Amino acid sequence: MSKPYSRDYWEAFLSALKPEGRHFINGELSPSSSGETFTRTRPMDGKPGATLARGNAGDIDRAVAAARAAFDSGVWRKKDPLEKKKIMLKWAQAIRDHGDELALLETLDVGKPVMASLNVDVRLCADGIQFYGEMIDKLYDEVAPTPPSERAIVRKVPIGVIGAITPWNYPMIIDAWKLGPAIAAGNSVVLKPAEQSSLSAIRLAQLGFEAGLPAGVLNVVTGYGEETGKPLALHMDVDMIAFTGSTEVGKQIMGYAAQSNVKRVALELGGKSPLVVFADADLDAAASAVAWGCFYNSGETCHASTRLIVERSAQEALIAKIEAVTRSDIALAHPFDPSAQIGALIEEEHMNKVLSMIAAGEKEGARRAFGAERTLAETGGYYVSPGVFIDMTNDMSLARQEIFGPVLAAIPFDTEEEALRIANDTIYGLAGAVFTKDMDRAHRFSESLHAGTVWINTYDMSNFATPFGGFKQSGFGRDRSVHAIDKYCDYKTIWQHFG
Ligand code: NAD
């Protein structure tokens with residue numbers, strides 16, 4: 001029987017919920033060694049949220065030691081692949097079984113609609129763990145072509161202890177993108193979730209342990225970036241950092257790796273993705289793709305289509321359609337409201353940053369078509385309405401900076417060449433799209449667009465079969481797909497000579 005996911009349902013669930021805020025180290029919940037905590041403020045209403053352990057370098061040491069011990073003992077990496085697969089699949093099912101709870105935790109932390117947390121974030125998190133669980137007993141090593149008197153086996157072996165540092169915009173999904181392939185490949189992990197969004201990570205680790213992951217294989221340390229992420233990335237006994245976050249912190253992570261033990265680094269960073277619309281395109285489809293591509297998750301999406309590059313003759317008609325779709329389909333409301341499609345921004349400081357970027361853009365001459373204002377202030381939460389600026393040029397700050405809010409910059413063009421030049425004129429290269437009925441042009445354009453993912457006449461289609469990641473300062477290394485496993489493995493060659 002389907003549940004009545006009403007506002008009352010979630011309010012009642014919330015009043016009974018006691019979120020766990022301690023670290024999860026070596027199979028046990030543990031306070032910070034300093035005893036310090038910090039309190040999260042709920043973005044949906046500005047009220048105090050969960051209390052979390054404020055991690056420090058000592059806590060990171062404990063977690064890394066547990067991860068190392070688990071790795072060295074072989075308790076996970078040497079387990080029968082079939083057994084490992086069963087545990088991962090059990091874990092994925094446990095995530096689904098605890099879907100309502102995980103969705104609520106995610107929404108309390110990040111302010112997105114709880115039904116989106118449930119139907120998108122929880123689902124994709126479970127699917128990710130399942131995808132990599134299913135791969136475990138399908139990974140083969142190689143025998144190299146050598147003379148008959150010799151044999152060279154090329155083994156793919158786990159790297160060791162992986163530090164995963166994740167952001168707050170899709171916490172559970174991005175955690176699964178790291179944990180799935182890293183653990184399936186046989187590594188141990190210390191996960192440092194963003195300080196804004198740790199609750200789902202702690203619960204994921206508990207569920208994994210209950211499903212059969214041995215103690216120490218997955219540890220979670222909560223806390224601030226400088227106090228926990230930095231010591232993790234500088235740690236001499238961590239073999240790799242898998243990072244998702246801002247380009248600014250990504251650069252620091254590379255520095256920490258170089259300063260410490262030349263650990264490897266995989267970086268999924270920021271974006272300012274172009275969505276190019278030619279006048280011959282289906283403008284209704286384009287309008288819907290632009291609105292959802294830019295405003296979903298309140299624009300707090302790394303590959304959000306924040307730059308609309310539109311053929312000048314179609315700009316006016318397209319913007320009118322984008323406004324209509326936004327107003328009719330993308331309801332901004334309290335995250336427990338069943339009609340909500342988007343909710344609050346992550347925190348007050350971030351909301352103020354978004355609003356000040358908008359104000360600075362207007363000072364430069366950006367022309368507002370609609371929206372991009374604080375709203376629902378009476379709730380105490382941090383809401384900004386989706387908004388569009390038109391007649392922009394690509395050198396204006398709203399077209400260059402990653403705003404991470406529901407703000408679209410529309411930039412008109414006159415020729416295909418100009419459209420391509422504008423689209424590629426960015427430090428980022430995460431994603432992009434082209435809308436046109438001319439398929440020759442669509443393919444020509446998608447080949448030349450410098451981005452890790454390019455969509456033709458659609459936006460944000462994805463699943464676990466496809467790699468995800470960026471070019472240029474959007475990072476390197478890929479999450480998702482079978483290729484992500486390679487990131488968490490080393491090649492080891494074993495030679496044998498027959499006498
Ligand atoms: P952020 O870079 O501020 O923080 C990310 C993580 O790094 C957090 O866990 C944080 O605590 C930690 N951190 C901060 N300073 C650190 C330091 N000095 N050393 C080690 N760790 C540190 O990013 P955010 O604000 O959480 O997330 C938003 C950013 O993430 C945006 O730029 C967005 O584009 C990017 N992002 C990218 C992808 C992708 O797949 N490419 C996906 C989601 C988000």
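A polar contact is taken here as a pair of N or O atoms within 3.5 Å; within protein, one atom must be able to donate a hydrogen and the other to accept it, and residues adjacent in sequence count only if both atoms are side-chain atoms. The model is predicted, so to speak of local features a pLDDT of at least 70 is needed, side-chain atom pairs count only at pLDDT 80 or more, and totals for chains, interfaces and linings use all residues. Residues are numbered from 1 along each chain as its sequence is written, and side-chain values use heavy atoms, with hydrogens and water left out.

An oxygen atom of the ligand lies 2.5 Å from an N or O atom in the side chain of E402, and an oxygen atom of the ligand is 2.7 Å from an N or O atom in the K192 side chain. For Y256, the side-chain N or O atom is 3.0 Å from a nitrogen atom of the ligand. Taken alone, the ligand exposes 840 Å², of which the protein buries 91% (Shrake-Rupley areas with a 1.4 Å probe; for residues, only the protein chains shown count as cover).

The shell around the ligand holds 30 residues, with K192, E195, S246, L269 and E402 the closest (a residue is near if one of its heavy atoms lies within 4 Å). By class, this shell has 15 nonpolar, nine polar and six charged residues (Ala, Val, Leu, Ile, Met, Phe, Trp, Tyr, Cys and Pro are nonpolar, Asp, Glu, Lys and Arg charged, and the others, Gly among them, polar).

The ligand sits in the largest pocket, meaning that more than half of its atoms lie within 2 Å of the pocket's grid points. A pocket is an open set of points on a 1 Å grid over the protein atoms alone, where a 1.4 Å probe fits, with protein on both sides within 12 Å along at least five of seven lines; lining residues have an atom within 4 Å of a point. This pocket holds about 1,300 Å³ of space. Its lining counts 46 residues, and W168, E195, Q196, S246 and V249 are closest to the centre. The lining divides into 20 nonpolar, 14 polar and twelve charged residues.

The second largest pocket holds about 540 Å³.

Note on methods: Grid points are joined across faces, edges and corners, and a volume is the space filled by probe spheres set on the points.
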